[in-house]
Amino acid sequence: MAQENAAFSPGTEEPPRRRGRQRYVEKDGRCNVQQGNVRETYRYLTDLFTTLVDLQWRLSLLFFVLAYALTWLFFGAIWWLIAYGRGDLEHLEDTAWTPCVNNLNGFVAAFLFSIETETTIGYGHRVITDQCPEGIVLLLLQAILGSMVNAFMVGCMFVKISQPNKRAATLVFSSHAVVSLRDGRLCLMFRVGDLRSSHIVEASIRAKLIRSRQTLEGEFIPLHQTDLSVGFDTGDDRLFLVSPLVISHEIDAASPFWEASRRALERDDFEIVVILEGMVEATGMTCQARSSYLVDEVLWGHRFTSVLTLEDGFYEVDYASFHETFEVPTPSCSARELAEAAARLDAHLYWSIPSRLDEKAAKLGSYETLYLLEAGRSHASSERTSLPQIRVTWATISQR
C-alpha cells in the first residue's frame, strides 16, 4: 500500500544528467539539417523564382540590383553599337545627318537612354528617330523584356517580404511539455498560443516523435518519425486558436510511450516535434510554426498554470505565466502498468461485492435480499464504476 501511495506522489529525485542531444528542429522552428554533396545543382535553376525567394536578404538585394544594372548595361551597349555602326558618332556636328537616337554622343549617353527606355522615364532630350528600323525593333524588345524583369523581380521581393513564416514568429509554444493525469489517464501535453489579435484560420496541430530505432532485420533507421495522436480521430487537432490551448496526447496502447515509466522516459533519447499550421487571416497564405521538445524538456508530474481570467466583460490572457507549470500527484509507473492496475482493481471489486451480498442473503434468507444481490451484481459489473459509488451501494444494502 505504501508503494502504491508513493507511486502517486510527485517525485523529488533529479533526472540523470545526459550529454546534450543534437536537435532535429530548433526551438524557433528552424530545421537543423544541411544539404550536402548536391551534384544536380541545375534543379535549383529549374525553379529560379523559389530559389531567389529562399536566398538570404543580402543576396536577394544583390541579385535585385544586378538584374537591373546588367539589363541597362546590356541594352546600353547595343544602343551604342547601333550608333557606332551607323556612323552617328562621326556626324555629331552634322545637322543634316539623321541619327538613330538624337543627342546620343557616347556610351554614357547610350546607357542613360537605356535606363530611360526601360523605366519609361522619357526626359525628352534623347529620342529615337523614325529613320532607324533596327532601333525601333530594339526599343520594342527592351520594353517587353524590361516589363518581364520588373514583374519577376518585384514579384520576388513582394513574396519575400510577405512570407507567412514571419507570421509564425507570433505563434508561441510552451518551453516544456508535461506528463500528468487527465481523466484518469496519463497524457503528454504542451501549450500553444497566438500573440496577435488577427487569428489563424483553419489551424491544425500535429506532433512527431523523432527517435532512432533498429528493425528486426538489424537495419538502423536514424531519426525515425512516428506520429503522436493529438486528436485526429476526434477532430481535436482542429484548433480555434483565440486563446492559449493545451494540446494533449493520450498515452494509450497505440502510443509509443505506452510502456514508458518516469524512470524509463528520463533515460530515453528522443525529440518531439510539434507543427502548427493554418491560414493567415489577413493574407490567406498558409503559415506553419514549429518547435520541439527534448527529453530534458518533458516534465513528469507537472501541469500548466492557467493563463485565462475573466475580467469585466472580456477574457484576459496573462502570457507572463504561459510557460509556468506546477507539480501534481502523478503515478511514476507506465501507462500500461496503470491500466493493468486499474483492471485488477475493477476485477477485485467485481468479485468482492457479490460475495458479501451472498453472505447477507444467507443470513436474511429473504427474496428481497436476493433482489438486492442481483442489483448489486449488475451495479458492480457496470463500466467505469467508481470506488465511492460501490461503497455507497454496499452501505445501503448492509443497512437494510
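**Exercise 1. Is Tyr 84 buried or exposed, and which ring does Tyr 84 pair with?**

Before starting, keep in mind that this is a predicted model.

Step 1. Look up the relative accessible area of Tyr 84: it is 52%. Exposed means over 50%, so Tyr 84 is exposed.

Step 2. Now find the partner. The ring centres of Trp 80 and Tyr 84 are 5.3 Å apart, with planes at 15 degrees. Planes under 30 degrees apart count as stacked, so this pair is stacked.

Step 3. Trp 80 and Tyr 84 are four residues apart in helix α4, so about one helical turn separates them. Trp 80 is partly exposed, at 27% relative accessible area.

**Exercise 2. Describe how Tyr 68 and Trp 72 are arranged**.

Step 1. Start with the total: the structure holds nine aromatic pairs. One of them joins Tyr 68 and Trp 72, with 5.9 Å from centre to centre and 45 degrees between the planes, and this pair is tilted.

Step 2. Check the spacing. Because they lie four residues apart in helix α4 (residues 57-86), Tyr 68 and Trp 72 are separated by about one helical turn.

Step 3. Tyr 68 has 11% relative accessibility and so counts as buried. Together with Phe 64, Tyr 68 and Trp 72 form one aromatic cluster.

**Exercise 3. Work out the setting of Gln 142**.

Step 1. Locate the residue: Gln 142 sits in helix α6 (residues 133-161).

Step 2. Gln 142 counts as buried because its relative accessibility is 0%.

Step 3. List its contacts. Beyond residues up to four places away in sequence, Gln 142 touches Phe 75, Trp 79, Ser 114, Thr 117 and Glu 118. With Trp 79 there is a polar contact between the side chains, at 3.0 Å.

**Exercise 4. Which residues touch the most other members of the largest nonpolar core?**

Step 1. This core has 37 residues, and Ile 205, Phe 257 and Ile 272 touch the most other members.

Step 2. See where the core comes from. Elements that each supply at least two residues include β3 (185-194), β8 (271-280) and α8 (335-364). The largest share, five residues, comes from β4.

Step 3. Zoom in on Phe 257. Leaving aside neighbours within four places in sequence, its contacts include Leu 188, Leu 209, His 249 and Ile 272.

Step 4. Finally, look beyond this core. Another core lies apart from it, with 12 residues, among them Val 101, Leu 104, Ala 109 and Cys 132.

Terms used. Residues are numbered from 1 along each chain as its sequence is written. This is a predicted model: local features need pLDDT of at least 70, side-chain atom pairs count only at pLDDT 80 or more; totals for chains, interfaces and linings use all residues. Side-chain values use heavy atoms; hydrogens and water are left out. Buried means under 20% relative accessible area, exposed over 50%, partly exposed in between (1.4 Å probe, protein chains only). A polar contact is a pair of N or O atoms within 3.5 Å; within protein, one must be able to donate a hydrogen and the other to accept it, and residues adjacent in sequence count only if both atoms are side-chain atoms. Contact means heavy atoms within 4.5 Å. A nonpolar core is a set of buried Ala, Val, Leu, Ile, Met, Phe, Trp, Tyr and Cys residues joined through side-chain atoms within 4.5 Å. Rings of Phe, Tyr and Trp (its six-membered ring) pair if their centres lie within 6.5 Å; planes under 30 degrees apart count as stacked, over 60 as edge-to-face and the rest as tilted.
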